[in-house]
Amino acid sequence: MAIVIASLSYMLLKGYVLHKVVNTSTVSLNIAATIKAGGSTWINPQMQVWVRNFTSMYSGISITYDSVGSGTGVTRFLQGVYDIAASDVPMPTQLYMNATSKYGKIITIPDSIGAVAFIYNIPGFTGTLNLTADVIAGIYLGKIRYWDDPAITSLNKGFKFPHEPIIAVHRSDGSGTTFTLTLWLYKSSEEWKNSGVGYGYVVNWPIDQMGTGLGGKGSEGVTAYVKQNQWSIGYVELSYAIVNNLSVAAVQNPVTGEFVKPSYSTTLNALNAVNLTGLPSVTENWYPYAGVFMNMNAHAAYPIVGATYLHFPADYMDCNKAVAIYLFIKYILTKGQGELIEGYIPLPSSLAQRLVSEVGNSMVCNGKPVSSMIK
C-alpha cells in the first residue's frame, strides 16, 4: 500500500495526468466513491479504526459502516443496500448461492481473528470462573438455573455460590457471534447437539420460554445487560470485555481438557495450530470451514475462536467504486493488520499475502482486472 501511495504521489508531483474515468482503464488517485458496509458488531470497533485511517488517506472515498449484526448485514447485502457485508462466520451456503445468483462471483475474505468470551457479573466472586461446553449448554438450555448448581460448583470449588437464579444474556438480533457460539456448542456438547436448538445467526433460546433469558441488541447490548444485572452471564467478542473491564471465564477446551481464558496469546495459540494451506480461495464458499479455528489440539489454546469475514462482489460496472473497494480491502489486509486494537488478532502474514493476491486477480470491472486500473 505504501508503495502504491508513494508511486501515485510521485506521478502527481511530476505532472503526470491520471485519468478519472468510469468504465475504462485507469482511475485517479482523487477518486470519488461511496462505499456502504455493515453487519458484524464483533468487528465494529476495529472497523471504525480502519474506516477512519483509510479515508484520511483518500479524501474522495466515503465509507459508512453500520453495526447492525451479521444476519442483518448479509440480508442488506443481498438486498443491494450494502456494498460489503461483514459477518462473524462465512455466509451460509444457501445465502452464498443467493448472493452468487444476484451478483455473480462473490469474494469472501477473513479480516481478523477473535474469540467469543463469556462475561459475568457475580458479586463477591474473585478469581476466574471455569466453564465447560456442557455447563454453558445447560445454562442456555435452562437446565442449569442457579449459580449453586453442582455442575458449576464442582468446577469452582474456591467460592461458595449462593442460590441465586442465573440471568442468561444472549443476542436478540441476527448475530455472527451467536452463530459462532452455537456452532461451537453443537460441536462440543452432546446435550446441546441433541437439544434441537442447533446453530445460526438466530436460534430459539429455551431460556426465553422459561423467562430467565435476556436479549441484548448487538455486543454492545449484551455487555450493557451484564454490567447492569448481578448474577448474569453473557457472551461477546473479547474486545468488548477488554474495553469494558469485565471478567471473562476460562472455558475448557474439549480436545485438551485445559481450562483456558481468552486472550491474545491463547487465541494465537489456537490460530497457530490451524492448517492454513487447507483454506479455500477467495471466490469459493467458505461456509464449510466455519469451525476451522475451534477446539484446536494445542496447549493453552482457547476453544471458541473464529474469524470475521467480509463479502463483496467480484464483478463491477462502476470502476470508481470497484477501485475504491479494492483499495480498502487491500489496506485492511496489509497496513490495517498492523492497526488492530486490543482483542483482535492479525491474520498470519502468509494468509494475508495470499488473500491480497487472490483479490487482485479476482476483482474485475467490465472484464478488466481492477488492480490494473491503478496507475
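What is the handedness of the disulfide formed by Cys-319 and Cys-365? The torsion about the S-S bond of these two residues is about -95 degrees, so the disulfide is left-handed. The structure is a predicted model, in which local features need pLDDT of at least 70, side-chain atom pairs count only at pLDDT 80 or more, and totals for chains, interfaces and linings use all residues. Residues are numbered from 1 along each chain as its sequence is written, and side-chain values use heavy atoms, with hydrogens and water left out.

The structure holds 1 disulfide, a term applied to a pair of cysteine sulfur atoms within 2.5 Å. The S to S distance between Cys-319 and Cys-365 is 2.1 Å. Cys-319 belongs to helix α13 (residues 319–333) and Cys-365 to strand β13 (residues 364–365), so the bond ties together parts that are 46 residues apart in sequence. Helices (H or I, at least four residues) and strands (E, at least two) are DSSP runs, numbered from the N terminus. Both Cys-319 and Cys-365 are buried (buried, under 20% relative accessible area; exposed, over 50%; partly exposed, in between; 1.4 Å probe, protein chains only).

Strand β13 also takes part in an open sheet of 3 strands, ordered β12-β13-β14 with mixed pairing; two strands pair if DSSP finds at least two bridges between them. Strands β12 (315–316) and β14 (368–369) stand at the edges, each with a single partner strand, so one side of each is left without a neighbour in the sheet. Strands β13 and β14 run antiparallel and are joined by 2 bridges, with Val-364 opposite Pro-369 in β14.

Asp-83 pairs with Lys-321, the closest N and O atoms being 3.2 Å apart. Asp-83 is buried, with a relative accessible area of 16%, whereas Lys-321 counts as partly exposed at 22%. In the salt bridge of Arg-171 with Asp-173, the closest N and O atoms are 2.8 Å apart; Arg-171 is buried at 4% relative accessibility, and Asp-173 is buried at 10%.

Note on methods:
A salt bridge is a side-chain nitrogen of Lys or Arg within 4 Å of a carboxyl oxygen of Asp or Glu.
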